[in-house]
Amino acid sequence: MSVPESVHQRLTEAFIEGDVEVAEAITTEALEAGVDPLGIINEVMVPALTEVGNRFQTGEYFLPELMMAGEAAEKASKLLEDAIVASGQASEPLGTVVVGTVEGDVHDIGKNIVVTMLRAHGFNVVDLGRRVAPSAFTDAAKENNADIIGMSSLMTTTRPAIQNTVNLFEELGIRESYQLIAGGGSVTGDWATEIGIGYSEDAAGAVELCKQLMDAPSN
Amino acid sequence: MQSNWLVEIMKRAQSGPFIKEKDFELKLIKRIKELVKEYDIKYDANDLVPADDDMADRVYQAGLQLFVEFGAYCQSTERQILFTHDEVVDIVAQAPSEVILGMGKDAVVMRHRGVEDPVRPIVHSGPTGLPASEEFHPQILLSYAQEPLVDCLGAGSVATYMGEGIIPGTPLELLGARRDASVAREAVRMAGRPGMHINDVAVPLTCSGKMAAFDPDAGLRSCDGILVSQMVELKTDYDQLSRVAHLYNVGGITVDLMTPLIGGLGGRAEGTAVVSVADHLLGVVLYDADYHMFSLTHLTYVNNTDPLGIWIQAMVGQALSRNTPIILLNDIYVVSGAGTKELLYECAAGAVVGTVCGFNMQGAGTTGGFNRDHFSGLETRFIAEVSRASLSLTRQEASKLIPKIMKFYEDTLSEPNRGRPFNEVYDVDTVQPTAEWLDMYYSVKEDMSKLGLKFEYAPRPKA
């Protein structure tokens, strides 16, 4: 059953408004009525969250709206995933991204925005949090069979930790198994190119970069 | 502050309500939105410096209520450190309203300033939060310290030690911190002002690194300070609290650094103003701070000279100035860089709103911190001059003046002119601004005079 117009409209509005309770209630109601959970994800959730991301990018929305929309999506996703498993269908994420703020850096607002945006666009994101040691990145990459590793650094003094993380991937002989990208206030495109990794200057760009990397032939 | 207060804070950090950080943030977002509505706080793009005492008081009350309800989130324990309303009110009432910074003839008294206060602000300088190169760091610091209207110096941040990248928590961080403190000490000596207050050494990100900057001979002294930071919003950890303990031990000046984001967890201008007041109260109650560095920046542009930033500074300054005795320091953050007129126009807007609304001055955080060495002492001279020229302004006059200043730079906020590095706008041997950079300075000063600012010092030297 495709998504009925009334559900489509109300659920889209709930995601865009970041109304967690309403999004959960409409999702539950739609699933009980037999609406296809994959249809809800593809026809409602992804477009609504893309719109939220666009509004954030243009300055119409700020962090609270982005976070509340992300929270609404996370709650609805749990219901939808359960329904998908119960129906025997398979839901394939766009890819798996391991994300963290590098060792020594406690600034994670930018990283959190990227996590929310990536999830909104259908990526499976493993968020390692702040002050992530190089070995935690390599371990998580292997354990989660990741496609992309995203490193964030705000401070100039923590930028070398990105290089150290890249070095460890190389030393372990797994550098070519993953796409490595970085962002944050201390990172520039030139520097990222210099050390041979991808770069985006903002969250929307990070989503596009990850999509491109998933489309690109593997190393 | 009672001597066992840190002990009490540690107890509460370990026994307060447990909550995941993300849940704390989501609750905070919702509550800020409710408080903005409850206290009827409204941003008006046509009145960026509101002369509305009642709204200023409501912003304060909303911020006080927010802090009482949420306290400080301790990232080390994932618990809230909570205080009662009466505790907060009592501690704020006892907070210092003046502090002696520096020593000897170079010492200055930084005071609590009122709204439209005729007392001139103390002017802090230096590349705080900005990346500097090892090569030009000494000359850059001297360029600030030698400015007669500058009262205090921040040592800034150099990301390398002898060419090697500094990693936090390593020996290089300790060596880098001591080196930067020594460079700052030498800069104030060379400027003939050996007792000038140094407000921080920014390179270390850990408490041990900050401690390494202290050395009565070649580094920081007890008349100097270090920043004790808050993580956005209303968050602390044991490393920051340990800095408070160290400052108690050595008798140093505690500088409360908060970096609220315009468009961050506070949301729009109104919510960001409310959480900024709460941030200041955290600095009073938790850090026992001597003064408070308000380093507000836009989530995207990393400045505070846009209309939202100006309004937030106006309201936060008035709210705290009217309702507390604490000492406020406004950190002017701009998108432009050295060698551009836009930088000076942005500095002027920040200096006007800060001076009129109860702040002391700090600046300038050029290029949003993105470009290495794109700063110099000349822009701080401009902040000081504009600040002095703004002392006679009312809020109504400031509210009319600032949009006129913003016309000079508002179109560049999204595509900033990052300017040039220090060595291209100063002669690095004589540490004097180039003729071109000086010419821009006097040109912008003339523009400000045409807008009605009356400077104490002669406009452009006659040829």
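Chain A of this predicted model is assigned two domains: domain 1 covers residues 5-87, and domain 2 covers residues 96-215. Taken over C-alpha atoms, the centres of domain 1 and domain 2 of chain A lie 26 Å apart. Where these domains meet, 10 residues of domain 1 of chain A are in contact with 9 residues of domain 2 of chain A.

The size of an interface is often given as the accessible area lost when the parts come together. Between domain 1 and domain 2 of chain A, about 780 Å² is buried, and carbon and sulfur atoms give 74% of that area. On the side of domain 1 of chain A, A:Q57, A:L63 and A:L66 supply 45% of the area buried against domain 2 of chain A, more than any other three residues.

A:T165 counts as buried because its relative accessibility is 0%, and the cut-off for buried is under 20%. Apart from neighbours within four places in sequence, the residues in contact with A:T165 are A:P134, A:F137 and A:M151.

The structure holds 1 cavity of 30 Å³ or more, and the volume of the largest cavity is about 40 Å³. From chain A, the lining of the largest cavity includes A:F56, A:G59, A:Y61 and A:F62; from chain B, the lining includes B:I262, B:H298, B:L299 and B:T300. Sorted by class, 5 of the lining residues are nonpolar and 3 are polar, with no charged residues.

Methods. Residues are numbered from 1 along each chain as its sequence is written. Chains are lettered from A and ligands numbered from 1 in the order in which they are written. This is a predicted model: local features need pLDDT of at least 70, side-chain atom pairs count only at pLDDT 80 or more; totals for chains, interfaces and linings use all residues. Side-chain values use heavy atoms; hydrogens and water are left out. Buried means under 20% relative accessible area, exposed over 50%, partly exposed in between (1.4 Å probe, protein chains only). Contact means heavy atoms within 4.5 Å. On a 1 Å grid over the protein atoms alone, a cavity is a set of points where a 1.4 Å probe fits but cannot get out, and a pocket is an open set with protein on both sides within 12 Å along at least five of seven lines; lining residues have an atom within 4 Å of a point. Grid points are joined across faces, edges and corners, and a volume is the space filled by probe spheres set on the points. Ala, Val, Leu, Ile, Met, Phe, Trp, Tyr, Cys and Pro count as nonpolar, Asp, Glu, Lys and Arg as charged, and the others, Gly among them, as polar. Domain bounds come from an automatic or database domain assignment. Buried area is the accessible area (1.4 Å probe) that two parts lose on being put together, summed over both.
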